[in-house]
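Have the sequence and the 3D view ready.

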Amino acid sequence: MAPPQDFGVTIEPGADRVVADMSGVTFMDSSALSAVVASARALSSSGKRLELGERSPVVERTLQITGLDKGTDDFHVQPAADGDGTGG
């Protein structure tokens with residue numbers, strides 16, 4: 001298995017969540033899904049959470065097929081309240 005990809009995201013001090021805008025995703029396989037889940041777990045272990053905000057139909061369908069469309073303890077699947085992805 002390949003090592004996790006560094007997405008180069010900087011989280012502002014004090015932020016309790018990271019909002020992922022996935023509206024531009026055109027393909028999502030098991031590797032991409034694994035990256036989302038691994039990122040969510042890493043954030044969760046540091047007291048933060050991943051929110052899947054805007055999602056393309058491809059992402060939405062993949063989440064539905066896998067049963068992750070309701071989220072997990074590690075990440076939430078819902079539109080972001082502020083929509084700007086800053087986590088604040």
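## Starting at V77

In this predicted model, V77 has a relative accessible area of 16%, so it counts as buried, the cut-off being under 20%. You can find V77 in strand β3, which covers residues 75-77.

Which residues lie in contact with V77, once its neighbours within four places in sequence are left aside? They are L52, R55, L63, L68, D69 and G71. Look also at G53: its C-alpha atom is 6.8 Å from that of V77, although 24 residues separate the two along the chain.

## The two sides of helix α2

Helix α2 spans residues 57-66, and V59, T62 and L63 are buried in it. These three lie on the same side of α2, because they cover an arc of only 100° around the axis. An α-helix has 3.6 residues a turn, so residues three or four places apart point the same way.

P57 and I65, on the other side of α2, are exposed. Just after the helix, G67 takes a positive phi of about 80°.

## Into the core

What covers the buried residues of α2? The cover includes β1 (17-22), α1 (30-45), β2 (49-55) and β3. L63 itself touches L33, L52, R55, L68, D69 and V77, not counting residues up to four places away in sequence.

L63 also belongs to the largest nonpolar core, which has 16 residues; M22, L50, L52, L63 and F75 touch the most other members. Two or more residues of this core come from each of β1, α1, β2, α2 and β3. The largest share, 5 residues, is given by α1.

Terms used. Residues numbered from 1 in each chain as written. Predicted model: local features only at pLDDT ≥ 70, side-chain atom pairs only at ≥ 80, totals over all residues. Heavy atoms only, no water. Helix = DSSP H or I, 4+ residues; strand = E, 2+ residues; numbered from the N terminus. Buried < 20%, exposed > 50% of the residue type's maximum accessible area, 1.4 Å probe, protein only. Contact = heavy atoms within 4.5 Å. Arc of directions from axis to C-beta. Core = buried A, V, L, I, M, F, W, Y, C linked by side-chain atoms within 4.5 Å.
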